Amino acid sequence: MGLKIKILLLAFIISILPSLTIGIYVNNRLIPQFENNFKTYHILEQQEIINNIIKKTIDDIKQVNSDYAIWNEIYYSIYHGDLKSIKFYWSNWLPYDPFDYSIVLGINRYGEVIDYYGKDISLSTILNNPTFKTVLNKILGYQNNRNTIKDIFNYDIISGFIFLNNKVYAYSISPILDDMNLRKPSIGAFFIAKEINNNFLKLIKPYMTVPIYFIAKNRTINKKDKVDYYFIKLYDYNNNYIGSLVTEYKEEFLEKINKNFSTLFVLIIILTMIATLTFSVWLALYLSKELYSLENYAINLFSYVNGNDQNVNNILYAKNVNMFKRVKLVLKALSNNIEFNIKKIIQKEEELSILYQKEKENFNGAIKLFISLIEIKDPYTKGHAERVRNLSELIGQKLLQKGFKFNMSDLIIAAYLHDIGKIAVSESILNKQGRLSDYEFEQVKKHSSIGYQLLANINYFNDIKRIVLYHHENIDGSGYPEAIKGDQIPFESKIIAVADVFDALTTDRPYRKAFTIQEAINIMQKDIGKKFDKNIFDTFIEIINDKKYFNRVEEKWKLLN
């Protein structure tokens, strides 16, 4: 079978299999999932509508209850026993249009009925109902601590659903209060209720796209074919189930959607397969052409690399040799050639590494030579540069761990060379036994600028020279040589300043004996925020207290390896 035929067959399989796989997946997973999601969304939408209407109805009943219970005229009618006025406002008014309440019941603070209306329900049925007893006792218990209207509406008026005489009612019960003086104690309770019946459902049906019924707790529904039922359950004040609002959901609509969607999807799959197959055939023809071109290019390249190998050339140009075998032979030869070149590169890298190490040693030697020249002029500072470098490095490592950003390599070299400028300072000044005069101190202060000038002659020290120049600058701007302050001072210079002062204080000088470690710290702490950066100083103290790095020997100090 020719190469083109093989590629075309492979392209056909590649184009057909994904489309079939997607078709099966969509039919078995996506369409059912779509149906469930659509059904769930529809149900949730209908349930949300019902819940909102129920809440609105309860709120309306609660508002009417509040209007007719929290009223000074009613309050004084009860207080003076004027039952005629009470009936006029309650049982002769609320059961009729536009209110249509099924139950209107007033009870004084002693638990005596003062007015009652009940449509198809007896007073004893209401009074003996456990839910009614609970909410009545709750309301009659509100007698004291009545200070604001907010307290009343948040805590005193109870509303919900109640099961009476095999029927469910939406109700509200409120304390009877004087709205002209809400501090007065309640004089009784006012209870109104509306039956959940067809009149109630008329409020909901205009907003529904499916039928809705009310089923009390002692009733069941006869299920129909291809109809699902979803329930919004109602509970009384004691959390007892008392009935449900039921909605129908018919499957015919989903079946229609499913059929239309499936037809549309099959058409899409067919069109996708045709498009994919067309593209695959074009790609197969293109690739076969390119593969032949690649073979010719590989053979020519290999002939260039190994042109003198007659045996290899015979294999390359033999008619019956498989094309991929020839290409494999070419790639193997090129791989060997690349491997040979890589080995040469690695060898060069090793040579460069050795050369770099030698240059680094020469560089360090030159720096040590500079330092030794200073120590010859100023023997009291012998070892000072190395100690400052080591302590600066430890401080720097901890600051890097804390997230501070700076150049660690520049810090180490600058710490070693920070006093390089003292080469140009007179030995008589450096070794003077007494206190320096103002002139002599000005000469010493020049060592920072001199060090900068010495290092400026070498490009490698472009950044390091600035660190050396500013290592005697202070945070508050009182340092030298330029009296810069704060963030104008390189961060590395601030680190060196702490290490430099600490070593100077704990070392014998011509004009004084060394301070103890604790004395030196006490002296330096006074200059936090003035001479020293607080973050750097705090890190320095951590190192002083860390036995892993720092050792005290007869109140002297040394860094541990």
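Biologist: What is the mean pLDDT of the chain?

Modeller: The mean pLDDT is 77, and 63% of the residues reach 70 or more, where pLDDT is the predictor's confidence in each residue, from 0 to 100. Over residues 144-155 the pLDDT is below 50, and this stretch has 18 contacts in the model beyond near neighbours in sequence, a contact being heavy atoms within 4.5 Å. Where pLDDT is low, the predicted coordinates should not be read in detail.

Biologist: And how many helices and strands does the chain have?

Modeller: The chain has 19 helices and 10 strands, taken as DSSP runs (helices H or I, at least four residues; strands E, at least two) and numbered from the N terminus. Of its 561 residues, 41% count as buried, which means under 20% relative accessible area, with exposed being over 50% and partly exposed in between (1.4 Å probe, protein chains only). Among contacts between residues at least 6 apart in sequence, 62% join residues at least 24 apart.

Biologist: Changing topic, what volume does the largest pocket have?

Modeller: Its volume is about 1000 Å³. On a 1 Å grid over the protein atoms alone, a pocket is an open set of points where a 1.4 Å probe fits, with protein on both sides within 12 Å along at least five of seven lines, and lining residues have an atom within 4 Å of a point. Grid points are joined across faces, edges and corners, and the volume is the space filled by probe spheres set on the points.

Biologist: Which residues lie nearest its centre?

Modeller: The lining has 31 residues, and F441, V444, A504, R509 and Y511 lie nearest the centre of the pocket. The elements giving two or more residues to this lining are α13 (427-430), α14 (438-445), α17 (491-505) and α18 (517-525), and the largest share, four residues, comes from α17.

Biologist: How does the lining divide into nonpolar, polar and charged?

Modeller: It divides into 14 nonpolar, seven polar and 10 charged residues, with Ala, Val, Leu, Ile, Met, Phe, Trp, Tyr, Cys and Pro counted as nonpolar, Asp, Glu, Lys and Arg as charged, and the others, Gly among them, as polar.

Biologist: Where is A424, and why does it count as exposed?

Modeller: A424 is in the loop between α12 (408-417) and α13, and it counts as exposed because its relative accessible area is 53%. A424 and V444 are 20 residues apart in sequence and 9.2 Å apart in space, C-alpha to C-alpha.

Technical notes
Residues are numbered from 1 along each chain as its sequence is written. This is a predicted model: local features need pLDDT of at least 70, side-chain atom pairs count only at pLDDT 80 or more; totals for chains, interfaces and linings use all residues. Side-chain values use heavy atoms; hydrogens and water are left out.
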